[in-house]
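Please look over the structure shown here before reading on.

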Amino acid sequence: MGGDNRSARVSLGEYIMQSETDVLVVGGGVTGTAIARELSRYRLDVVLVEKSPDVCTGTSKSNTALIHAGFNADPDKQKGRLNVRGNELYHERIQHELDVPIEWRGALVVATDESERPKLEELLEKGQRNDVDGLEILEREALLEKEPHLTDDAVAALWAPTAGIVNPFELTVGFANNAVENGASVELEAEVTDITKTDDGFTVETAKGEIDAEIVINAAGLYADEVSKMVGVDDFEITPRRGEYYLYDKQFDIDIDTTIFPVPTEVTKGIVVTPTDEGNLLIGPNAQEIDDKRDKATTRQGLDKVLNGAQKTVPDLTKKDVIKEFAGLRPAIKETGDFRIQIEEEVPGFINAAGIQSPGLASAPATAELVVDLVEELRGDLEEDPAFDPNYSGPPKVRHMSHEERAGLIEEDARYGQIICRCETVTEGEIRDAINQPVPAQTVNAIKRRVRPGAGRCQGGFCGPRVIEILSEELDIPMTEVKLEEEGSELLTDEIKQPLLEKSHESSEVNADD
Amino acid sequence: MTESRQAVTSDVDAMRREEHDLVVVGGGPAGLGAAQAAYDEGVDDIVILERDFELGGILQQCVHPGFGLEYFEEELTGPEYAQEFIENVAERGVDIRLDTMVLEVTHDRTVYAVNDEDGVTEIDAEKVILAMGCRERTRDALDIPGSRPAGIFTAGTAQRLINMEGKLPGEKAVILGSGDVGLIMARHMHLEGAEVEAVLEIMPYTGGITRNVVQCLEDFDIPLRTQQTITEIHGNDRVEGVTVQEVDDDFEPIPGTEYEIECDTVLLSVGLIPENELSVDAGVELHSVTGGPIVDETRETNVEDIYACGNVLHVHDVVDWVTEESMIAGRSAARSLQDRVETRKEPIEIESTAKLRYVVPDRISTIDPDREEIPLYMRVHAPMEDVFVTLSSGGEELTRTFERRAEPGEMVTLNVDSDTLAELPEPRLELDVVQREEA
């Protein structure tokens, strides 16, 4: 697939590019993009529609970023089976195919009282039944050797070496970009407003026009119930369950190597303490049911609960060196507590991939595999596209290069020598690459998700204005139209001092000639 | 993409290698002052590495007056103040590299810098002066709950947007923190046509200098509300308002005092943090209060031949003191290069009472025949009136200075004669603050 063809496959215009497709995926979260990519393996016309200006703006962007091992998965539930299979797929395929940070750090479930030991045994047994490899119980001494910052109260832990951490932004963007490279289309800012059943499929109305689809796959996350209602399937409801987090500076003196869970209770999995792929420390989440699907505000009570919970396993943690607090919403189906991935029998051709709460990220590749099976069930055998290329790589990560590697790269392309974000050492080249990817970054947060300017300790204080400037230049829009994330999140309100600034630019040019 | 990257990674000769007597990291007022002083002391192989596209650092966005009253004895704007030093270093032929970011400084003074013209340069430096300045504390460092919409800026970022980019960050603002940057930005937003609803300060007194409270708030009827803070930020896409609460003496919000302010912008002026990531990687030890390196009177850190000055060392309130301090660092590095100073057998430790938040330097460790006096910089913990700052050794008072008003926001300086140091009862200096009546 040529470069020109690729760029034509993502629509930034006002109208949807094509009037019909074989399969339409609703929602550009990790689930929707994984499904689109898996479908792009076959000779199928695939279109993904996303309501926001970028993929990965909902549940996929604010979560614990874990590939759970699956020891706590309920094999009687869809989410249990998909978690275990998803973890396998990350090991076997995804980590080799996509240029996305995945590290197998392993997870510990730490008992802080002898009374919790039976629960560890129970989890061990459950994990073994789920065929999770390498599980063992570690005693106090081995445990503290592995994680010296663990509480003195630690008595034993379940060790799960196959648990991993992943960068959820790069993963979702990677799925989406790879899908587009393989011929799928992504339509951004194309919120689905109505779906009508037709003789041979559906007519889907979006904010960017109509499209006919033979099969519709609903991966709309928090809004999956609303999309499902559009075809008359209204027997479930998505309840947003908010989880809050603290993220710490990379230069933080508490080094944690693995993902640490407390022993789960009937009520909660507890607060997790985990490293991120970039070397930050992340703690959270609490769980609180709320009404408003847009309410991602953190709360004093919630954040305090997160810190207290984290201190149960790592007592040295304080608020010092926190660089960011945020909240995410899990799209839960309360009645079942499970995913709902199925062909809706009363509306043939409509597949729900709904209720994807935790472990949705860990399950994503398996969810995609299952959805492809369902599509096959509807359409008969799918023909593989011989041109499918599962491999994807993003912009070079200059911050991870040695000085010599960096020097070589800059010799090839000088834009990688211009540092824009000082905290994360992100270069101009990487930022421009992000804006010119198959699925382009068009907002400040979209760039941050892909290549990290503003993700560091100063949270964009220094690089913010520069990033806005580059976006304005690349997208050919005034700086006052550059958005942080969604419509209405423009960062600057007015142009001022223009005559003065022009004059000062003129005079500085004169000086340069002196 | 992958292939080309692998091809270049094998090319290890792409890196430039150089050697220099003095490398100054940062071309703001501190770096400029240090370079100028080192040159004037006889060092001519000096490189300034500056990450911005021009020299002058944060002064370039400070278009308001009030700079230079001490050093130049006239009132200048930030860019005017900077320009004096930019011209001075240019005249002296200092090697200036703009748009150049230092990636690493090693313990043995190898400096790695990157820009788009030279790629990566490895510089072997005899002396390194760290002058990276500081950054602003963020909303997250303050732990303010609520949503994360557009419209939350640090005051310095807003200042840059207005003065360098010509863009107004919002139309109705609440400013949290009454440090100097916050006060100046209150006036600035007002003058650019935005409404400033209030400046909130969690402490019972302002964090800025008195002059700014009068000239930036009182002259424009902008309310300053002390012992109040933002406890929640509202708005999904753009800021829609904030919840404000009064705080008690432990800075805890008082229940029942909540009220809302409607606004589309929150500017934060809640403290500056010395930017010491490079220093820490070089093995430099930091002071728990200042957040900057622990230095001796020459501004040398615990790592031999690495010096620090300006806001990377401790946050100054007035740039004139940055200049004075950076000249000490530049001069000292130069004299040390020329073997003109002698190391004391035992350094003189400088200690202070709890009334002082911190003192720079931490110790006096050299004997320099060309030096007549040593200034000690310090800050008090809380505002005090009619006090003497006294310097003693072994119970014997050596010198004192009177302060009619000592504020945490305004640095106090006490000069010690070099001669006094020659005959101390013990290798220790003690600083204290006493009320005039007691004294």
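Strand β24 of chain A and strand β11 (residues 167-168) of chain B pair in the antiparallel sense over two bridges, where pairing requires that DSSP finds at least two bridges between two strands. In this pairing A:Asp494 stands opposite B:Leu168 in β11(B). Strands (E, at least two residues) and helices (H or I, at least four residues) are DSSP runs, numbered from the N terminus. The model is a predicted one, in which local features need pLDDT of at least 70 and side-chain atom pairs count only at pLDDT 80 or more, while totals for chains, interfaces and linings use all residues. Residues are numbered from 1 along each chain as its sequence is written, and chains are lettered from A and ligands numbered from 1 in the order in which they are written.

**Where chain A meets chain B**

- The contact takes 55 residues from chain A and 52 residues from chain B, two residues being in contact if their C-beta atoms, placed from the backbone, lie within 7 Å.
- On the side of chain A that touches chain B, at least two residues each are supplied by α8 (300-313), β19 (322-332), α10 (403-412), α13 (464-475), β24 (494-495) and α14 (498-513) of chain A.
- Of the elements on that side, α10(A) gives the most, with ten residues.
- By class, the side of chain A that touches chain B has 20 nonpolar, 17 polar and 18 charged residues; here Ala, Val, Leu, Ile, Met, Phe, Trp, Tyr, Cys and Pro count as nonpolar, Asp, Glu, Lys and Arg as charged, and the others, Gly among them, as polar.

**Domains of chain A**

- Chain A is divided into domain 1 (3-60 + 168-238 + 337-379), domain 2 (107-161 + 240-329) and domain 3 (398-513), with bounds that come from an automatic or database domain assignment.
- The C-alpha centres of domain 1 and domain 3 of chain A lie 31 Å apart, and the contact takes 17 residues from domain 1 of chain A and 13 residues from domain 3 of chain A.
- Helix α6 (residues 168-181) of chain A gives the most to the side of domain 1 that touches domain 3, with seven residues.
- The residues of that side of domain 1 of chain A divide into nine nonpolar, three polar and five charged.

- Helix α12 (residues 444-451) of chain A is mostly covered, since eight of its eight residues are buried; a residue is buried if 20 or more other C-beta atoms, placed from the backbone, lie within 10 Å of its own, exposed if 12 or fewer do, and partly exposed in between.
- The buried residues of α12(A) include A:Asn445, A:Lys448, A:Arg449 and A:Arg450, and what covers the buried residues of this helix includes α6, β23 (426-427), α11 (428-435) and α13 of chain A.
- Just after α12(A), A:Arg452 takes a positive phi of about 80 degrees.
- Strand β20 (residues 340-343) of chain A is joined to strand β21 (residues 350-354) of chain A by four bridges, and the two run antiparallel, with A:Arg340 opposite A:Ala354 in β21(A).
- These two strands of chain A form a hairpin with six residues between them, and A:Gly349 in the turn has a positive phi of about 100 degrees.

**The parallel sheet of chain B**

- An open sheet of five strands in chain B has the order β10-β18-β12-β13-β14, with parallel pairing.
- The edge strands are β10 (152-154) and β14 (224-226) of chain B, each of which pairs on one side only.
- Strand β12 (residues 172-176) of chain B runs parallel to strand β18 (residues 265-268) of chain B, and four bridges join the two; in β18(B), the bridge partner of B:Val174 is B:Val266.
- Helix α5 (residues 155-163) of chain B packs on the sheet, touching β10, β12 and β18 of chain B, and its direction makes about 90 degrees with that of β10(B); axes are lines fitted to C-alpha atoms, for helices over the stretch in contact, and angles run from 0 to 180 degrees between N-to-C directions.

**Chain B as a whole**

- There are ten helices and 28 strands in chain B, and buried residues make up 48% of its 439 residues.
- B:Val128 is in strand β8 (residues 119-130) of chain B, and B:Val128 counts as buried because it has 28 C-beta neighbours inside 10 Å.
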